[in-house]
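Notebook, opened to record what I looked up in this structure and in which order.

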Amino acid sequence: MKASVVEGYPQGNKMKVLIEDTDASQVNALRRAIMSDVPKMAISKVMFTLGVNQDNNHDEIFESVNALPDEVIAHRLAMIPIPTQPDEGMAFPDECESCMDLAEEDVGCPTCQVLYTLNVQGPSADSDEPFRVVRAGDLTNVSDPLFDISEDMQSIPITYLAQGQFLEFIAFATLGRGRDHAKWSAASAVTFQPCYEAELKKPKKASVLFDLNLKTSDGRPIDAKLFTSKKCSDISTVLDLEKALHQVGHGTGRDADFDDAIVLTKVDGSFVFSYETDGSLAPEAVFNMAIEELKSRFTNLGEDLDRAFA
Ligand SMILES: [Zn+2]
């Protein structure tokens, strides 16, 4: 198996990788490893403060009620991308050396959890604002600054607070795997497709497509210039061509005139692999961690087999 990043990627958290010398089952194993095995951080426990607060300056009463049930807020918190630092030595709570022998309610130390607090009040009674939006940026990280919510994610809304309402809680983020809950899934939209090469078989008839004035995703016109000696193997361009061919395919009324003027041929053993992380981890890190997961799994399998046949 040979992997190389497709030119122009990563785009933000989006990634495309060309995987060669392999087959669909291996690529699918990689896909499953990314979705369910690569560990990442997510908020997994929230302790809400319930009650009534009195504002000292204004003599105003604030109550711990708001538009959303606690469960929904906890779920929304779980979905906020928590920066995961694979090299910082964070441990899974059930594998943490300081905590593994403790009773469940005592589990949790700086090695296996990151703490965030939030304390936000709605607008005061004399304010013109009818409500205040609580956002991911309102979370205060009380652990290592490495785990501060990244700037891109700070605008994620959590809930509204109206006048006289407050929201206060402590949230605990832990390392987990997507197989246990989607909040720990390192990437979404993990897909792959065969890698194609395009061939311009009938340049004259291909004008049916070229005359539609379509553009590639990076803004080049879709025309004969995309082909060198009638072939095109640049991956991003072929993906754009594949999309464009839908405009002249079956059911468009143009397929007879087009007459398969451009043909896509599968490249044996090659796949284009795509996914997008939520920002907790860099896309390259997710890929490398998935490979490590697979490697360790197959080593273990080898050892198990040795024992089974001994
Ligand atoms: Zn611990």
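I first looked up burial: of the 310 residues of the protein, 30% count as buried, where buried means that 20 or more other C-beta atoms, placed from the backbone, lie within 10 Å of the residue's own, exposed means 12 or fewer, and partly exposed lies in between. I note that this is a predicted model, in which local features need pLDDT of at least 70 and side-chain atom pairs count only at pLDDT 80 or more, while totals for chains, interfaces and linings use all residues. Residues are numbered from 1 along each chain as its sequence is written.

**Overall dimensions.** I read a radius of gyration of 26 Å for the protein, whereas a compact globule of 310 residues would have one near 19 Å; the radius is taken over C-alpha atoms, and the globule rule is 2.2 Å times the number of residues to the power 0.38. The C-alpha trace spans about 80 × 70 × 30 Å along its principal axes.

**Domains.** The domain assignment, which is automatic or from a database, gives domain 1 as 2-37 + 187-277 and domain 2 as 41-184. I find their centres, taken over C-alpha atoms, separated by 42 Å.

**Secondary structure.** I list six helices and 13 strands, these being DSSP runs numbered from the N terminus (helices H or I of at least four residues, strands E of at least two).

**Five-stranded sheet.** I traced an open antiparallel sheet of five strands in the order β1-β2-β13-β11-β12, with strands counted as paired if DSSP finds at least two bridges between them. Its edge strands are β1 (2-5) and β12 (231-232), each of which pairs on one side only. Between β2 and β13 I find six bridges in the antiparallel sense, and M15 has Y275 in β13 as its bridge partner. Helix α1 lies across β2, β11 and β13 and runs at about 150° to β11, the angle being taken from 0 to 180 degrees between N-to-C directions of lines fitted to C-alpha atoms, for helices over the stretch in contact.

**Four-stranded sheet.** A further open antiparallel sheet has four strands in the order β3-β10-β6-β8, and its edge strands, each pairing on one side only, are β3 (40-48) and β8 (140-141). β6 (residues 114-121) pairs with β8 over two antiparallel bridges, and T117 stands opposite T140 in β8. Helix α2 (residues 70-78) lies across β3 and β10 (166-176), at about 155° to β3.

**Cores.** The largest nonpolar core has 39 residues, of which I34, I262, V286 and A290 touch the most other members; such a core is a set of buried Ala, Val, Leu, Ile, Met, Phe, Trp, Tyr and Cys residues joined through C-beta atoms within 7 Å. β11 gives the largest share of this core, six residues. Apart from this core I find another of 30 residues, among them I43, L118, I158 and L161.

**V38.** Where does V38 sit? I place V38 in the loop between α1 (24-36) and β3. V38 counts as buried because it has 26 C-beta neighbours inside 10 Å. Leaving aside neighbours within four places in sequence, V38 is in contact with A33, A186, V286, M289, A290 and E293, a contact requiring C-beta atoms, placed from the backbone, within 7 Å. The C-alpha atoms of V38 and V286 are 6.8 Å apart, although 248 residues separate them along the chain.

Conventions: Two residues are in contact if their C-beta atoms, placed from the backbone, lie within 7 Å.
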